[in-house]
Amino acid sequence: MFIGSNIFAGRSALSALTGSVLFTGAAHATVVISSGQTANMSCSGGVCAPTSADAVLNAGDLKTFLVSGSVEVTTTASGVQADNIEVSTALSWSSTATLILDAYDSIAVDKPIFVKGEGGLSFVTNDGGTTGTLSFGENGKARFANLSSSLTINRRPYTLVNGIEALAAAIGDDPSGKYAVADDYDASADGDYNGSPIPALLNGTVEGLGNAISNLTITVKADNAQIGLFSGVGTDGAVDDLGLVAVNVKVSGDDDAVGGFAGSNGGSLVGDFIQGNVIGGQLGTTGAYTGGLVGNSSGSISNSHANVSVRAKSRTYVGGLVGAQPGGAIVNSYAVGNVTGQNACTGGLAGYAGTISTSFATGKVTGRNGALGGLAGCGGGGTISNSYATGMSGSRNGGISGGLIGNDLYGGHSGGGITSSYSAGDVSGSKTSILGGFAGEVENSGAATNDYWNVTTSSTNQGVGDGSSSGIAGLTNKQFRSGLPAGFDPAIWAEKHGINGGLPYLLANPPPK
């Protein structure tokens with residue numbers, strides 16, 4: 001990029017985009033849009049590019065530029081390659097200009113972006129890289145005041161919608177389309193839905209942009225139904241970066257699949273979050289599934305979390321995030337709500353678990369009979385790795401309870417097992433219950449490697465209630481806090497006073513503050 005002859009040391013001397021500016025500063029291979037002074041950025045001809053691998057673009061400067069016309073913020077310049085773009089302060093503009101964020105790898109939006117006028121927004125990731133993502137932090141979102149504004153993600157246009165009715169109509173007209181939620185939406189005025197608000201099977205993409213739908217209420221009496229905000233997400237479907245807050249779902253009936261987000265998921269859920277209450281149906285004569293996020297998932301779930309009180313009754317699969325996961329994988333996700341089941345596979349994260357990695361659960365898991373686990377009630381057909389549970393697992397009137405998993409079937413499956421994982425919950429039950437600090441029952445040997453349970457916090461003196469305990473060791477609180485257990489990779493795990501009670505936590509998926 002051409003760098004003009006005027007070089008300024010501070011924001012006050014910035015020229016318009018028709019001129020050019022060069023600033024200098026420190027480096028982290030990220031272009032940060034922040035409240036700090038612009039540094040190591042050259043802006044000319046509608047393009048702002050780094051002059052060093054670490055650069056800062058002041059949000060006020062960028063807003064001034066957007067008055068004059070569209071702006072591209074890129075990570076690539078002649079002889080300079082930054083990797084990521086991070087939005088770390090709120091940004092808004094009212095002109096018709098389009099802001100293009102073009103990153104070699106990832107874009108992280110940690111503060112709100114608000115397109116107040118008829119301007120547009122474009123996100124480009126992996127413009128040279130291969131592992132980049134678009135993500136929205138806890139306080140990050142993109143909002144649009146005008147639904148006629150343009151939004152493109154990786155050069156593909158998205159239709160902006162706001163409100164459940166509008167989203168349902170759009171998906172009903174074209175289930176394979178690409179849609180984005182333009183702003184937060186309060187569903188209080190919608191009343192009580194008596195079925196899934198979005199009944200059409202989604203095989204397109206819904207991008208939430210970090211926005212949330214609040215106060216959704218669904219009350220249904222039905223059998224063999226799929227109930228959630230989305231009835232189902234198909235194999236080609238995806239819902240990313242969308243939140244549900246203060247959701248209340250109550251379903252009575254037999255053989256239902258119930259989740260706050262979706263009854264079933266065969267596609268991809270990334271960066272989604274939910275808070276509220278989900279009550280599932282009664283009998284599962286052929287299979288009933290109740291989960292905080294999804295009832296029954298054979299697709300993938302990543303970077304998502306649930307803070308949901310989940311309850312269901314007899315012969316069901318009940319989980320804080322997912323009721324049952326017969327396929328796909330759960331990655332970098334967590335659940336913190338309490339979960340209650342009856343005669344069921346009941347788990348803090350998943351009732352029935354397939355493949356789970358770098359995930360955790362902290363909620364209290366209780367029930368009558370069945371198999372209960374702090375992370376998963378029952379397991380089979382996949383692996384659990386680099387995961388943990390700290391909530392209590394307790395079964396009344398018999399049943400099987402384990403700090404991490406209730407009934408582990410992994411050893412009977414090719415490639416299955418539980419590795420580099422731990423439990424720290426208080427496990428309790430009746431006189432007829434089978435209890436284990438780590439697992440209630442392990443039906444096959446050789447299923448565990450480098451696994452641990454906390455002998456200080458558990459009420460039972462054995463790691464496995466019934467079956468093989470090979471590969472599972474007990475550690476005291478002091479031992480846990482004195483350093484990572486053997487076999488725990490320091491590139492994945494860390495320990496720090498004041499985080500997770502001093503117990504190991506996941507670097508890529510730290511516990512909520």
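**Strands, disulfides, pockets and rings**

Modeller: Strand β53 (residues 405–408) and strand β58 (residues 439–442) run parallel and are joined by 3 bridges. Two strands pair if DSSP finds at least two bridges between them. Strands (E, at least two residues) are DSSP runs, numbered from the N terminus, as are helices (H or I, at least four residues). This is a predicted model: local features need pLDDT of at least 70, side-chain atom pairs count only at pLDDT 80 or more, and totals for chains, interfaces and linings use all residues. Residues are numbered from 1 along each chain as its sequence is written, and side-chain values use heavy atoms, with hydrogens and water left out.

Biologist: Which residue in β58 does D408 stand opposite?

Modeller: D408 stands opposite V442. Strand β58 is also joined by 3 bridges to strand β61 (residues 464–467), and these two run parallel. There, A439 has V464 of β61 as its bridge partner.

Biologist: Are C43 and C48 buried or exposed?

Modeller: Buried means under 20% relative accessible area, exposed over 50%, and partly exposed in between (1.4 Å probe, protein chains only). C43 is buried, at a relative accessible area of 3%, and C48 is buried at 0%.

Biologist: What does the torsion say about the disulfide of C345 and C378?

Modeller: C345 and C378 are joined with an S to S distance of 2.0 Å. The torsion about their S-S bond is about -80°, so the disulfide is left-handed. C345 lies in strand β42 (residues 345–347) and C378 in strand β48 (residues 376–379), so the pair ties together parts that are 33 residues apart in sequence. Both C345 and C378 are buried.

Biologist: How is a pocket read, and how much space lies in the largest pocket?

Modeller: On a 1 Å grid over the protein atoms alone, a pocket is an open set of points with protein on both sides within 12 Å along at least five of seven lines, and lining residues have an atom within 4 Å of a point. Grid points are joined across faces, edges and corners, and a volume is the space filled by probe spheres set on the points. The largest pocket holds about 1,600 Å³ of space. Its lining has 49 residues, of which F136, G137, E138, N303 and H305 lie nearest the centre. By class, this lining has 19 nonpolar, 22 polar and 8 charged residues. Ala, Val, Leu, Ile, Met, Phe, Trp, Tyr, Cys and Pro count as nonpolar, Asp, Glu, Lys and Arg as charged, and the others, Gly among them, as polar.

Biologist: Where is N303 found, and what is its phi?

Modeller: N303 is found in the loop between β35 (300–302) and β36. Its phi is positive, about 50°, although N303 is not a glycine. N303 is partly exposed, with a relative accessible area of 43%.

Biologist: How are aromatic pairs read, and how many does the structure hold?

Modeller: A pair of aromatic rings is described by the distance of the centres and the angle of the planes. Rings of Phe, Tyr and Trp (its six-membered ring) pair if their centres lie within 6.5 Å; planes under 30 degrees apart count as stacked, over 60 as edge-to-face and the rest as tilted. The structure holds 12 aromatic pairs. The rings of F360 and Y388 have centres 4.9 Å apart and planes at 5°, so the pair is stacked. This pair links distant parts of the chain: F360 is in strand β45 (residues 360–361) and Y388 in strand β50 (residues 388–389), 28 residues apart. F360 is buried, at 0% relative accessible area.

Biologist: Which residues do ring pairs link into a cluster?

Modeller: The cluster consists of Y334, F360, Y388, Y422, Y452, F480, F488 and W493.

Methods:
A disulfide is a pair of cysteine sulfur atoms within 2.5 Å. On a 1 Å grid over the protein atoms alone, a cavity is a set of points where a 1.4 Å probe fits but cannot get out, and a pocket is an open set with protein on both sides within 12 Å along at least five of seven lines; lining residues have an atom within 4 Å of a point.
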